[in-house]
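Take a moment with the model shown here.

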Amino acid sequence: KEVLAERLLTRFFEHMGHTIRGLMSDIEAQTLTPLDTLLRFIDQLPQRYRNQAQDSGCLMAAFSYQLVSDMPALRQHCQAALNGWAAYFVPYFQRALGCDATLAGELAQMMFCQMEGAFVVERIDDKQALDTQFRHFAHYIALLAQQTRHA
């Protein structure tokens with residue numbers, strides 16, 4: 001059971017990584033400002049994910065409620081994936097907001113927390129929670145950028 005779950009998670013993380021990097025590559029080709037690049041990514045990720053996902057929801061979220069607590073190796077696998085995604089976005093947040101690596105890492109983690117929570121809400125409520133959460137997150141980032149410019 002654990003080996004199967006590990007393989008499924010690996011496949012899911014590879015797919016999500018490809019989706020994230022592909023979207024960011026497409027956006028970076030548009031030569032936008034660092035802030036606009038980040039905001040466009042946040043805006044477009046929900047639709048890109050839906051276009052490429054076979055089923056709505058996140059495998060990691062589904063596993064985390066039952067399997068992760070019983071299987072420490074899966075917890076470590078999920079933790080490594082989240083840390084990797086957050087690290088990938090640290091430079092994007094730093095360039096967009098002119099902030100240090102600590103805040104950038106916290107914002108990257110916040111983005112993925114919102115995404116995972118929205119996946120769970122969509123499974124339960126079948127609404128566009130991912131779109132709503134990412135729209136609010138984009139507004140928050142824009143406000144932080146505005147505050148940084150005036151500081």
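Leaving aside its neighbours within four places in sequence, which residues is Met111 in contact with? With those neighbours set aside, Met111 is in contact with Phe41, Ile42, Phe89, Phe93, Phe134 and Phe137. Keep in mind that this is a predicted model.

**The core**

Met111 belongs to the largest nonpolar core, which has 45 residues. Met111 is among the residues with the most contacts inside that core. H4 provides the largest share, 11 residues.

**The whole chain**

Now step back. The secondary structure comes to six helices and zero strands. Read from the N terminus on, the elements run α-α-α-α-α-α. The chain has 151 residues, and 40% of them are buried.

**Two helix pairs**

Two packed helices are described by the angle between their axes and the distance between the axes. The table gives both values for two pairs.

| Helix pair | Axes come within | Axes cross at roughly |
|---|---|---|
| H4 and H5 | 7 Å | 120° |
| H1 and H4 | 9 Å | 10° |

Start with H1 and H4. Their axes cross at roughly 10°. The two helices are therefore roughly parallel to each other, since angles under 35 degrees count that way. Their contact divides into 15 nonpolar, three polar and five charged residues.

Now take H4 (residues 72–97) and H5 (residues 101–125), whose axes cross at roughly 120°. That angle makes H4 oblique to H5. The crossing is right-handed. On the H4 side, the contact is made by Leu82, Trp85, Ala86, Phe89, Val90, Phe93, Gln94 and Leu97. On the H5 side, the contact is made by Ala101, Ala104, Gly105, Leu107, Ala108, Gln109, Met111 and Phe112. By class, this contact has 13 nonpolar, three polar and no charged residues. Some of these names have come up before.

Is Ala145 buried or exposed? Ala145 counts as buried, because its relative accessibility is 3% and the cut-off is under 20%. Its place is in helix H6. Leaving aside its neighbours within four places in sequence, Ala145 is in contact with Leu35 and Leu97. Ala145 and Cys99 are 46 residues apart in sequence, yet 9.5 Å apart in space, C-alpha to C-alpha.

Arg135 also lies in helix H6. At 45% relative accessibility, Arg135 counts as partly exposed. Arg135 and Pro46 are 89 residues apart in sequence. In space, they are 9.8 Å apart, C-alpha to C-alpha.

Where is Thr31 found? Thr31 sits in the loop between H1 and H2. With a relative accessible area of 69%, Thr31 is exposed. Its backbone stands out too: phi of Thr31 is near 45°, a positive value in a residue other than glycine.

Note on methods
Residues numbered from 1 in each chain as written. Predicted model: local features only at pLDDT ≥ 70, side-chain atom pairs only at ≥ 80, totals over all residues. Heavy atoms only, no water. Axes fitted to C-alpha atoms, helices over the stretch in contact; angles between N-to-C directions. Helix = DSSP H or I, 4+ residues; strand = E, 2+ residues; numbered from the N terminus. Parallel < 35°, antiparallel > 145°, perpendicular 65-115°, else oblique. Left-handed = near helix turned anticlockwise from the far one by under 90°. Contact = heavy atoms within 4.5 Å. Nonpolar A, V, L, I, M, F, W, Y, C, P; charged D, E, K, R; others polar. Core = buried A, V, L, I, M, F, W, Y, C linked by side-chain atoms within 4.5 Å. Buried < 20%, exposed > 50% of the residue type's maximum accessible area, 1.4 Å probe, protein only.
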